[in-house]
Amino acid sequence: MTALRTAFVVSAVCLGLAGCATTPSPTATAAAEPGAPFRAQSKREAPKDGKKRDRAAISAQYHLDLEADENGPPSAAQVLRAHAQRETMLKETGRAKAAGLAGGTWQAIGPGNIGGRVRAIAFDPRNASRLFAGTASGGLWVSNDAGTSWEPTFDFLPNLSISTIAVDPARPDTMYVGTGEASAGLVGLGAFKSTDGGRTWAFLPATNVDANPDWRFVNRLAIHPTQTGTLLAAMSNNNRAIGAIYRSTDSGATWTRAATMKALDIAFDPNAPANAVAGLDDGTIAYSRDAGVTWTRSAPLVSGTPTGRQGTARAEIAFARSTPGLVYASLDNNKGEVWKSVDAGASWTKLATPGHLNEQGDYDNAIWVDPTDGNVVVVGGLDLYRSTDGGATFTKVSEWRVFPNSPHPDHHALASPPDYGPGNRVLYNGNDGGVYKAFDILSVRDGSGGGWTPVNNGLAVTQFYSGAGRTAAGGRVIGGTQDNGSLQLSLGSWSIYRGGDGGFSAVDPVSDEVMYGSYVYLSIHRSLNGGASSQYICSGITEAQPAEGASPYCGSSNVRKANFIAPFILDPNDANRLLAGANSLWVTDGARTPAPAWRVIKEPSATTDNFINAIAAAEGNGNVIWVGHNNGEVYVTRDGRAATPSWQRVGQGVLPSRQVQRIMIDKDDHNRVLVAVTGFTANNVWETRDGGTTWASVASNLPQAPVFDVKRHPKRADWLYAATSVGIFTSEDRGATWSTSNEGPANIRVRELFWLDDETLGAATYGRGMFKATVPATGPASYQDLWWAGPQENGWGVSIVQRGRSLFASMYIYDEAGRPQWVALLGGTWNADFSAYTGPLYIPQGSSFAAYDPSRFVVGDPVGTGTLTFSNANTARLDTTIRGVSGAKAIVRQPYGPPDSTPVGSYADLWWAGTSQNGWGITISQQYRTLFAVWFTYDTQGRNTWFVVPGGTWTAANVFTGTAYRTTSSPWVGATYDPSRFQITPAGTVTFTFGADGRSAGMTYTIDGLSGSNAITRQPL
């Protein structure tokens, strides 16, 4: 009981009281979600050349290098350490988590309905409307309405590169995911397991890639259909050239290597699970007759060297559930062959060569067999093809050139729901543009691709390399993406204005009708009409992308000496001047001219193929230019406008030998420069204050993770923002200390930060789309928490909820009879230096919580005024006048949550049940894992009262249950408070079940023998 006698600090929600900001209607709130319309301007896309995936290995190496340190790609221990450091930072108390980024400020801006690369699809066998999508770098997503909407599940999984999903058919709440995408160079950590339907996940220690490099890329997991503790795993080793098949008989706790074969796919025969087949990439297919204990290669399916890239022949396989022993294979040879076996993989017969894989079958390759008719087969690669005669002939049933009316190109997954049958021939497809659905796979129109529907609403997993925009130029937001083109958000609608891969981006500072983007290898393009048309303007950059086929790109004699995604910037001092980085630094002073002329102003590094990866020009002095290279070399010139600038290498022997990601020059002090570098190691942000002579690390307590970008606030030189592989971090003291708010872009790779205006920060993520946040340069510190007058006045308190300048405070006190009563302070104003907040006080009335009627909610006139005056982050003074009686109290932040390093979501906020039950609410405060909740409601006489839940237990990762108490004490207004009269009585229980989005929850209660439940959401201030 002692713990319960700490002060019960209380808060209230806005409750529609006079002076509150207008509460958005549900419709208005929905409009703000990241589901802005998507307009695909397919006719404006760059041609999809046949050599596109010939560059896949280079792309994969590019992504591996992005996060590598001096020793190569990160180990599992390094990645897990970075996430643990991030979790520790989230739980730190007493440190401002701001630099203007107050709680709830991040807004997802989409695209929420174009999707991104989906590698795996799986269903809950109990519910045909519940399906999961594993995305290349955006984590695991779930839909409970057959793809109509999506939400992420367990947002903070240490690795968000999900390559495969397996659901236990006997115990569907048991699931497994494998991580890592070998074809794209997105490293994995091994495998994870969930026993609660995907809400929470645990790492399987036996799959630790550090102990066994075979687990770097988990290509496929399969579960034995009857002995579900038996699993098979098909994997590529850390070096991506070799691999193995592993087997577990204890639900993933331990594994045994069953074969040393690089396996890309694996499956049990659903009719005779002693039989299993594995798709390899060497022109053979492996089979087992003892449920995966031993394996035998088939005879070669390909005579001579396979024609897949680098002489490989990736095979994807699918059993025909309706025909024992029948299994099909999609083979990467001759641009796509289909084979079949009638003896569960021992011998194979070639059926057809539909050519569905084009020249990229090692990257995208999928096959599905109708579970009710073994003659219906669908294969996918560049496009989708269907056979209804057992693979003898195939008809094209998608057309990438007309997406989104037909599925996006590059197909990775095909799956049908558990209730598939003659009356429900639904097929889902995962590709580089998300998830598509055919309501009847047999009636999908030939050639045109008709009959497919994109089901990407809310599937915000687009992989952005870059972001740019400027409010003063028109407000358009643009960015380059992996295989979803160069996108723009204009007038609330997303559209593609250039296809293929999109790279770096820039907009003209005066009119964003003029915008710049890029394709691979520095293929810079420009639009002068807001994306209605665009042209390549890189002719003359001889180190950029050469012509291919009918696409001229940057010139027929080019040598392609640049990074796969190569940097360019628009000079902040001259909108006609572009600087572009390849092996050399290139510049044009005629960016808007019909055919810009380019010249070299910095020769290559002495190290061969040490390409430029970062460029910065000083705002206010275009002569000051900095560049950073792949190997960590940094150079500066102070006569960059000269015909032949002179360059000086700086930081040699001090700056780490890791890829330079971004360079920031302080616009107010050009001698202050920050350099961000990669690697899951320490010291990834460096600062010089003397133009490069001396350097110091300002990484401080940042997680040891790659830093892709660092920006300062336009109006506050001491406020810094770091974009990393594990989210966004802020500093209010020039990098001496860092913090994070655990909101918005989550633990996703954030590839670029950009300022839309001096108080609006944009974030481009590689796997979760775009975000923006309002970051005022001036404003109060963060005071959100529980406050009290200390143990000498135990039993009453103040709760503060704050979002930037918006503050909502409530006092939970006692009336003249000693009954609990709450008083809301809202609609107030700050003084000039943001040290004091003053506003009216309200004591509303309503109907009983047991039978709430919002029509009986009465706000009434203000009962007085209240002022909170903060002397520092942890102490304040509360002055009140209530019904003519004045008083003052010294208050401090109340500690109540014991330190706990176990991860948990962030739920501190105002919560309510929406306008339909306006007038009551829940305030949740949080320290570490401990929640402190107060329900502000009304008793049977309509008087306002409160029930407090001062702690509880996490019964699941998203379920918190605690005892609710009612209290009585001495009068608080006009009397000396007497804590000896404080009494607490258990009144019942309250349980909160939080949704995966972190913004919705269910509240169930039993109080005074009365039970009920309400759906609640975070309430906008």
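This is a predicted model: local features need pLDDT of at least 70, side-chain atom pairs count only at pLDDT 80 or more; totals for chains, interfaces and linings use all residues.

Reader: How many aromatic pairs does the structure hold?

Author: The structure holds 40 aromatic pairs. One of them is formed by W822 and Y938, with 6.2 Å centre to centre and 50 degrees between the planes.

Reader: What makes W822 and Y938 a pair, and why is the pair called tilted?

Author: Ring centres must lie within 6.5 Å, and planes under 30 degrees apart count as stacked, over 60 as edge-to-face and the rest as tilted. The centres of W822 and Y938 are 6.2 Å apart, so the rings pair, and their angle of 50 degrees makes the pair tilted.

Reader: Which parts of the chain does this pair link?

Author: The pair links distant parts of the chain, with W822 in strand β60 (residues 820-825) and Y938 in strand β68 (residues 930-938), 116 residues apart.

Reader: Why is W822 called buried, and why Y938?

Author: Buried means under 20% relative accessible area. W822 has 0% and is therefore buried; Y938 also has 0% and is therefore buried.

Reader: Why is the pair of W935 and Y1005 called tilted?

Author: The ring centres of W935 and Y1005 are 4.9 Å apart, within the 6.5 Å limit, and their planes stand at 55 degrees, which falls between 30 and 60, so the pair is tilted. This pair too links distant parts of the chain: W935 belongs to strand β68 and Y1005 to strand β73 (residues 1000-1007), 70 residues apart. Both W935 and Y1005 are buried.

Reader: What makes Y783, W787, W830, F834, Y837 and F870 a cluster?

Author: Ring pairs link these six residues, Y783, W787, W830, F834, Y837 and F870, into a cluster.

Reader: How do you know that the charged end of K602 sits over the ring of Y635?

Author: The criterion asks for NZ of Lys or CZ of Arg within 6 Å of the ring centre and within 35 degrees of the ring normal. The charged end of K602 lies 4.2 Å from the centre of the Y635 ring. R119 lies over the face of Y363, at 5.2 Å from the ring centre.

Reader: What makes β43 and β46 edge strands?

Author: The open sheet has the order β43-β44-β45-β46, with antiparallel pairing. Strands β43 (612-618) and β46 (648-650) each pair on one side only.

Reader: How do you know that β43 and β44 pair?

Author: Pairing needs at least two bridges. β43 and strand β44 (residues 621-629) have six, in the antiparallel sense, and therefore pair. I615 stands opposite V627 in β44.

Definitions and conventions
Residues are numbered from 1 along each chain as its sequence is written. Side-chain values use heavy atoms; hydrogens and water are left out. Helices (H or I, at least four residues) and strands (E, at least two) are DSSP runs, numbered from the N terminus. Buried means under 20% relative accessible area, exposed over 50%, partly exposed in between (1.4 Å probe, protein chains only).
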